[in-house]
Structure formats: structure tokens, C-alpha cells
Amino acid sequence: MSAKYAYQHRLARFDDLPAIVDIYNSTVASREVTADTEPVSVESRHAWFAEHTPERRPLWVVEQEGKILGWLSYSNFYGRPAYSGTAELSIYIHEDMRGKGLGRYLLQQAIDFAPQIKVHTLLGFIFGHNQPSLKLFDAFGFERWANMPRVATLDGIERDLIILGKRVA
């Protein structure tokens, strides 16, 4: 555990999946974090969970007193072998824990760990109106590598997608 943060993470287990999905689904209604417009089911996330292998694309959870507080995943970017050194990060925080440093903890851990899984470039795909996430990635030196204007429509409102990137190795 880092002295700077009061959190610890571990690899997610299959029995964590309901809590992972609950946290994810808690963000759907805000129309700020995910392009899903309806909650997802645990069953629909089985294949996604299986793609997160500890040695290549880990999925981490932060747990305290038996409760999952948040999670982070590394995901493949674009799915072609030449991009294997690049990973997309996703961070989702339980609504009771937002704004308490957990996102900062997870992002710092992800940056520090990336070289161990042969990742040299990290990406964040963040809606242009998601100021908390943009500020988080900005604070860690991620740069705006792409602005994709009006590529998502949420409740009839067109939204921009910002791609942030950082070389870590």
C-alpha cells in the first residue's frame, strides 16, 4: 500500500462481478461516464471479465470490509497485435466513494504497473462533458490526443468523446 493513499487493490475474482456491474450500472443514468443507455446484466459481462487476464489486462478491485469500493480495468486497444503495448483504462468508483482519492489511487497504480504487463501507452476514452474524469487524467499528465465531436447521442444530446493518452515506458 502506498503511504500517500489509504487504499489497496487486488485482482478481481469472478464472485466480485455483481459488485463490479452494480458500480458500473450506477453511472448509466448520469449520461456522463458510459455510452450504455441501459443497465447491463452480470451475465452480459462474463466474456468481458474473462478477457481480463492478470498477466496482460488485469481487472482490479478495491475492497474494504467486504465491500467493493471501485475498480479499474486495462482493456485492449483496437484488438490488433501491433497495438499490444497500448491499453485503455477504465475506472469506476462506488457513488459513496467518489471524490475521496480512490480514482487518483487507481490511476497512479495503473501507471506504475503498466510496464510490468508490457504496456507503454495508456489511453482514456472520456466524454467531453465528464469534467471529473478529465481533471483526474489531466492531473496525471495525460494529454488530449483526439477530440471526436458529437460521436455519441445520449437522450437526444450529441456528445464529444475525448481520447487522452500518456506514454509510461
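## A residue in an edge strand

Is Arg150 buried or exposed? Arg150 is exposed, because its relative accessible area is 53%; buried means under 20% relative accessible area, exposed over 50%, and partly exposed in between, with a 1.4 Å probe and protein chains only. Arg150 belongs to strand E6, and its phi is near 55°, a positive value in a residue other than glycine.

## Basis of the model

The model is predicted: local features need pLDDT of at least 70, side-chain atom pairs count only at pLDDT 80 or more, and totals for chains, interfaces and linings use all residues. Residues are numbered from 1 along each chain as its sequence is written, and side-chain values use heavy atoms, with hydrogens and water left out.

Helices (H or I, at least four residues) and strands (E, at least two) are DSSP runs, numbered from the N terminus.

## The sheet

Seen in order, the strands of the open sheet run E1-E2-E3-E4-E5-E7-E6, 7 strands with mixed pairing; two strands pair if DSSP finds at least two bridges between them. Strand E1 (9-11) and strand E6 (143-154) stand at the edges with a single partner strand each, so one side of each has no neighbour in the sheet. From one strand to the next, the twist averages 25°.

E1 and E2 run antiparallel and are joined by 3 bridges, with Leu11 opposite Trp60 in E2. The pairing of E2 and E3 is also in the antiparallel sense, over 6 bridges. Here Val62 stands opposite Gly70, and Val61 has Trp71 of E3 as its bridge partner. These two strands form a hairpin with 2 residues between them, and Glu65 in the turn has a positive phi of about 50°.

E3 and E4 run antiparallel, joined by 7 bridges; Ser73 is partnered by Ser90 in E4. E3 is mostly covered, since 8 of its 10 residues are buried. Further along, strand E5 (residues 121-127) and strand E7 (residues 157-167) run antiparallel and are joined by 7 bridges, with Phe125 opposite Ile163 in E7.

## Helices on and around the sheet

Helix H3 (residues 102-113) lies across E1, strand E2 (59-64), strand E3 (67-76), strand E4 (86-93), E5 and E7, and runs at about 35° to E3. Axes are lines fitted to C-alpha atoms, for helices over the stretch in contact, and angles run from 0 to 180 degrees between N-to-C directions. Helix H4 (residues 131-139) also packs on the sheet, where it touches E4, E5, E6 and E7; its direction makes about 160° with that of E5. Contact means heavy atoms within 4.5 Å.

In helix H1 (residues 17-25), the buried residues are Leu17, Ile20, Val21, Ile23, Tyr24 and Asn25. Their cover includes helix H2 (46-51), E2, E3 and E4.

## Buried and exposed positions

Thr86 lies in strand E4 and counts as buried because its relative accessibility is 11%. Leaving aside residues up to four places away in sequence, Thr86 touches Arg57, Ser75, Phe77, His120, Thr121 and Leu123.

Lys118 is in the loop between H3 and E5; its relative accessibility is 68%, so Lys118 counts as exposed. Phi of Lys118 is near 60°, positive in a residue other than glycine. Lys135 is found in helix H4 and is exposed, with a relative accessible area of 57%. Lys135 and Ser26 are 109 residues apart in sequence and 21 Å apart in space, C-alpha to C-alpha.

## The largest pocket

The largest pocket holds about 940 Å³ of space. A pocket is an open set of points on a 1 Å grid over the protein atoms alone, where a 1.4 Å probe fits, with protein on both sides within 12 Å along at least five of seven lines; lining residues have an atom within 4 Å of a point. Grid points are joined across faces, edges and corners, and the volume is the space filled by probe spheres set on the points.

The lining comprises 37 residues, of which Val33, Ile91, Tyr92, Asn130 and Ser133 lie nearest the centre. E3, E4, H3, E5 and H4 are the elements that give two or more residues to this lining, and E4 gives the most, with 6 residues. By class, the lining divides into 18 nonpolar, 13 polar and 6 charged residues; Ala, Val, Leu, Ile, Met, Phe, Trp, Tyr, Cys and Pro count as nonpolar, Asp, Glu, Lys and Arg as charged, and the others, Gly among them, as polar.
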